[in-house]
Amino acid sequence: MKTNLLSSMIPTVTPDISVGQDGALAFGGINTLQLIEKYGSPLFVMSEDRIRQNCRFHKQMLNKYFGGNSHVAFASKAMSCRQIYRILADEDMYADVVSPGELYTAVSAGFDASHLIFHGNNKTPDDIRFAIDRGLGLFAADNMYELDNISRIATERGIQQSVILRVTPGIDPHTHEKINTGKIDSKFGSPIGNGQAEDILRYALSLPGIDVAGLHYHIGSQITEAQPFCDALDNVLEFLRVMRERLGFTARIINIGGGFGIRYTEQTPLTPYDEIFSSLSDRLTAFCTAHDYAQPTIITEPGRSIVADAGITLYTVGAVKNIPGYKTYVSVDGGMTDNPRFALYSAPYLAVLANKADKPTELQCSIVGRCCESGDILIPEAALPKAEVGDIVAILNTGAYNYSMASNYNRIPRPPVIMVSGGKDYVAVRRESFEHLISLDN
Ligand code: LLP
């Protein structure tokens, strides 16, 4: 018997959590304390079922608003491991990659390279060759150097390589500065506003071996409002109108990137995705009708909104230290090495004591990691039930940009990724050992 979350003390931001009668936190129907007993601590736990639901939701949105010819490409940077690509392939998803490493991981898991889009602002000739030789679907070309290399290598191989060009629409998406990419001053893409996007389009159209299929933009991440997405599309559509007049260019594809925000805390204000996509679709339809423009294929690239709420991290409490007059520090056996997001972006998270999930919160504390660094904070101000050594802390919605951004700082091995699905658990990524840590040292 599970307690209904809405009537318990447990946050509602993670759909797959529940509380058993013994007061233990369950994830995907599995007791998290048993997961710790079976696999050790700390642990990344991900719900395969939730990942699949999120993929289906995004596909339904696109189908509903842009028709069957649209594609959802999961942004691999949010979480890349072989099992993710198997799930994506099974869900008939596309994926974006930003490095040959992500591409290799996908292809080695049997993912069809023709459903991959290769991003990034500095693809080397080797990267480009590696991708073309594996049958990459689309390059999102960032700059002229890349275009030259793609053109040369595609010509050597005797193929026409499909490319979309990354442009910057000049929009401020009101998100954290470090994950904001839509403004003119960005290392990504060519700005529309100052004519550089036109220059690069003209240049791309002049190159052999390249099929310029359309445009790409991505304005930032964890965007919670519809307006920046709408403004960006408006700017890109106006650019397309002018480019058809000036260069005779018609886009077959518009890749609008990702960036759809999720609720990390109950206070995060979030515009429903339905509203965002319906406004975008209204704008596109109005544009195509007004200018007799054949409706381009729409691609989206959600990362966070596919995997964030499908993951939690479990840690064991090792020390509870009160500094009278200041605060209580709850130290856990992981930290910025498995989740650097507070250190980097002051990102908010919620925590639950997995073995006391039915208890009221009574302790204001900082949940901190084990690294030799005072910035190693997971949650600066958390509310927990009375915490003791040996308790299990669950941090919620860590499925995106945690495992993928984890490091071995202080030579701390990365935790494994355990998947839960249909009431069963399995290992998607094994725990690193000390042997792994020294495996490349001479
Ligand atoms: N497409 C492109 C071209 C991107 O650069 C990104 C994210 C995405 C799609 C996916 O965005 P999402 O739907 O996940 O918001 N490490 C940061 C996030 C960096 C995102 C970079 N690009 C974080 O932990 O918040």
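Visitor: Where does Gln222 lie?
Guide: Gln222 sits in the loop between strand S12 (210–216) and helix H8 (227–247). This is a predicted model, and in it Gln222 has a positive phi of about 55° although it is not a glycine.

Visitor: Why bring that up?
Guide: Because most residues other than glycine have a negative phi, and most peptide bonds are trans.

Visitor: OK, peptide bonds then. Which residues does a cis peptide bond join?
Guide: Ser41 and Pro42, with omega at about -5°. Pro42 belongs to the loop between helix H1 (32–39) and strand S5 (43–47).

Visitor: Switching topic. How is the chain divided into domains?
Guide: Domain 1 covers 5–46 + 309–438, and domain 2 covers 49–307. Their C-alpha centres are 32 Å apart. The contact takes 29 residues from domain 1 and 24 residues from domain 2.

Visitor: And how much area do domain 1 and domain 2 bury between them?
Guide: About 2,300 Å², with 57% of it on carbon and sulfur atoms. On the domain 1 side, Asp309, Tyr345 and Tyr401 lose the most area to domain 2, together 23% of what that side buries.

Visitor: How many salt bridges cross that interface?
Guide: One salt bridge is found across the interface of domain 1 and domain 2. As for Asp309, its salt bridge partner is Arg50, and the closest N and O atoms are 2.9 Å apart. Polar contacts across the interface come to twelve residue pairs.

Visitor: Which elements give two or more residues to the domain 1 side?
Guide: Helix H11 (341–345), strand S21 (417–421) and strand S22 (424–429). S21 gives the largest share, four residues.

Visitor: What is the make-up of that side by class?
Guide: The side of domain 1 that touches domain 2 has 19 nonpolar, seven polar and three charged residues.

Visitor: Now the ligand. How many residues surround it, and which are the closest?
Guide: There are 20 residues around the ligand, and the closest are Ser221, Glu301, Arg304, Arg341 and Tyr401.

Visitor: Last thing. How many salt bridges does the structure hold?
Guide: The count is 25. One of the pairs is Glu156 with Arg152, at 3.5 Å, N to O.

Visitor: Where do Glu156 and Arg152 lie?
Guide: Both are in helix H6 (residues 144–157), four residues apart, which is about one turn of the helix.

Notes
Residues numbered from 1 in each chain as written. Predicted model: local features only at pLDDT ≥ 70, side-chain atom pairs only at ≥ 80, totals over all residues. Heavy atoms only, no water. Domains from an automatic or database assignment. Contact = heavy atoms within 4.5 Å. Buried area = accessible area lost by both parts, 1.4 Å probe. Salt bridge = Lys/Arg side-chain N within 4 Å of Asp/Glu carboxyl O. Polar contact = N/O pair within 3.5 Å; in protein donor to acceptor, adjacent residues only side chain to side chain. Nonpolar A, V, L, I, M, F, W, Y, C, P; charged D, E, K, R; others polar. Near = heavy atom within 4 Å.
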